[in-house]
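Hello,

Here is the structure I promised to pass on to you. Please open it beside this email, and then read on for what turned up inside.

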Amino acid sequence: MGRAPVRGGFAAYRRLMRDDPRDPRLPTSPGFWRSPLRGPWFTSVLGLVLLAGVTVLFLTGLVSYAAYNPDLSPVNDKTPGKGILGFYLFAWPTDPPWLYRLNQGIHVTLGVTLIPVLLAKLWSVVPRLFALPPARSLAHALERISLLLLVGGGLFEFVTGVLNVQLDYVFPGSFYPLHFYGAWVFFAAFVAHVLLKAPTALRNLRQRGEEKNDLVSPRPAEPTVSRRGALWFVGSGSLLLFATTVGQNFGGPLRRTALLAPHGGGEPGTGPNGFQINKTAAYAGIGTAETADDAWRLVVTGRTGTVRLSRARLAGLPLHSSALPIACVEGWSTPDQWWRGVRLRDLAALVGYEDDPPDVFVESLQRHGAFRKAALRANQVADPRSLLALYVNGEELSPDHGYPARIIVPAAPGVLNTKWVARMTFGDL
Amino acid sequence: MRDRVVIGSPLHLLVLCCSFALAAYAGVRLLAGDWLGVALWVVGAAVLHDLVLLPLYAAADRAVVRGLDGIRRREWAMYVRVPAALSGLLLLVWFPLISSMVEARYRSATGLPPEVFLTRWLLITAALFGGSALLLAMRLLLLRRAAKRRPPAVH
């Protein structure tokens, strides 16, 4: 697959050729690139796979962004300067309840699965990086600048995404704005690239016969694998990544198959509270002193003033059940858990919103962290399945799952299901 | 005619200008914080891939093929290449977890054990190379049997 060595030659000839860009020892020479795999067919197949895959990644990314309801309240919005890039935002629905779970599972699992295709695609066209002359025309020069945005922007998106799901926050800034604005820069270059190249790619796939373009090596090395075999090779990389990742969206034995995914393998414990945790109580700095029965009060504010409820009072209110998943932006989720607690709309009624549940502003006991405050929209509050949960799977919530009380809303991203809730303010945001 | 050659296709120019306009609109926002850091990451990603990662794996691949050429076994290349590339791919993607770079944060945030990733990756790698060796052994066995069955006159 690589480049075979350049053998022999007379010393004088070498000296003569030293500064010639056609010298096959230089990557600027087509003869430097010796893999017999490179050619229009291989590149076109990979390109069309990426065309479909990246389009799905971009769309699921936009949907995930909308799921946070960033236009509802500044606390939900990590990109206040988005301008027209938020043109499509809509009130995030609560149906189907697995909507975010599916969307984010696709976004992250597909992203991981496409990495080998991306690497193979870049490998297949690398001779063009060194091709001379650097620009044949103004349009070609601009296209090459656009390719820097395409390759740099694309790799930036994949790298920030892969690092974020592993909690490796080394990138220069907050993940949300970097991944969101980066996606638009990448997508701008991606659309241009598709418009300029897709017709050629399609034509290359239709055409059978001898391969002819600048990617075909003029002095190919003896093949060690066929083009079709190389494609299977790339596909096997994708399949391996998929098989060791996708399970983190399911429960039981399927999760065990996700051997290398951050939330694959096993559950963090056993029993009713033994399902995946985004941030533990210890990580969030929640101590038992502030969640103890005599210390903790839920402060609910609305049209008719403020009420303070102990956990015992809350547990004495009419309790309801709903079976809902936790789905994280990081692309892992749990199967439905059986939550039990007070309906959000009943809490709204308690403070003067009997028939018209408004938005709610939820604050956690957490003193630091990106989503310790979150806003939910009226449609989310009104849904009868939206709860301030006190119990899960028949037991008290564990500290790691938000004891004394947590929000659970159908189809909402995990971080909007605030844990260790301290204060809820109902009213239009 | 000469001008057209230098400027190129007007349609291409139009597409690229639209693309740059959108990229600039988002780019200004992308660079609003640590602009140098972000620019270094975007350009650095392309440079590291094209000028470091790709040459490194191409050189490793060439070394394998040359080594096999040396013992006249070039056709074994895929049996080395596939397990090595798949194992390397898993390491590349899950490096922070496998290398325990995020050990403390991972354990404290998720309540899950971070040390399992290195073990699992090593086991997967062993299985990949082991499986490949098994396939190669089977292939050699079949070839030898086929050769034995052939009458000597054919040679």
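**The largest cavity**

The largest cavity has a volume of about 630 Å³. Please keep in mind as you look that this is a predicted model. In total, the structure holds 2 cavities of 30 Å³ or more.

H2(A) gives the largest share, with 7 residues. Sorted by class, the lining of the largest cavity has 18 nonpolar, 10 polar and 3 charged residues.

**The second largest cavity**

Now for the other one. The second largest cavity holds about 40 Å³ of space. Its lining includes Pro97(A), Trp98(A), Tyr100(A) and Arg101(A), along with Pro325(A), Ile326(A) and Ala327(A). Val409(A), Pro410(A), Ala411(A) and Ala412(A) line the second largest cavity too. By class, that makes 10 nonpolar residues, 1 charged residue and no polar ones.

Where does the second largest cavity lie? Domain 1 (11–243) and domain 2 (281–426) of chain A both give residues to its lining, so the second largest cavity lies between these two domains.

Enjoy exploring, and write back with any questions!

Best wishes

Key: Residues are numbered from 1 along each chain as its sequence is written. Chains are lettered from A and ligands numbered from 1 in the order in which they are written. This is a predicted model: local features need pLDDT of at least 70, side-chain atom pairs count only at pLDDT 80 or more; totals for chains, interfaces and linings use all residues. Side-chain values use heavy atoms; hydrogens and water are left out. On a 1 Å grid over the protein atoms alone, a cavity is a set of points where a 1.4 Å probe fits but cannot get out, and a pocket is an open set with protein on both sides within 12 Å along at least five of seven lines; lining residues have an atom within 4 Å of a point. Grid points are joined across faces, edges and corners, and a volume is the space filled by probe spheres set on the points. Helices (H or I, at least four residues) and strands (E, at least two) are DSSP runs, numbered from the N terminus. Ala, Val, Leu, Ile, Met, Phe, Trp, Tyr, Cys and Pro count as nonpolar, Asp, Glu, Lys and Arg as charged, and the others, Gly among them, as polar. Domain bounds come from an automatic or database domain assignment.
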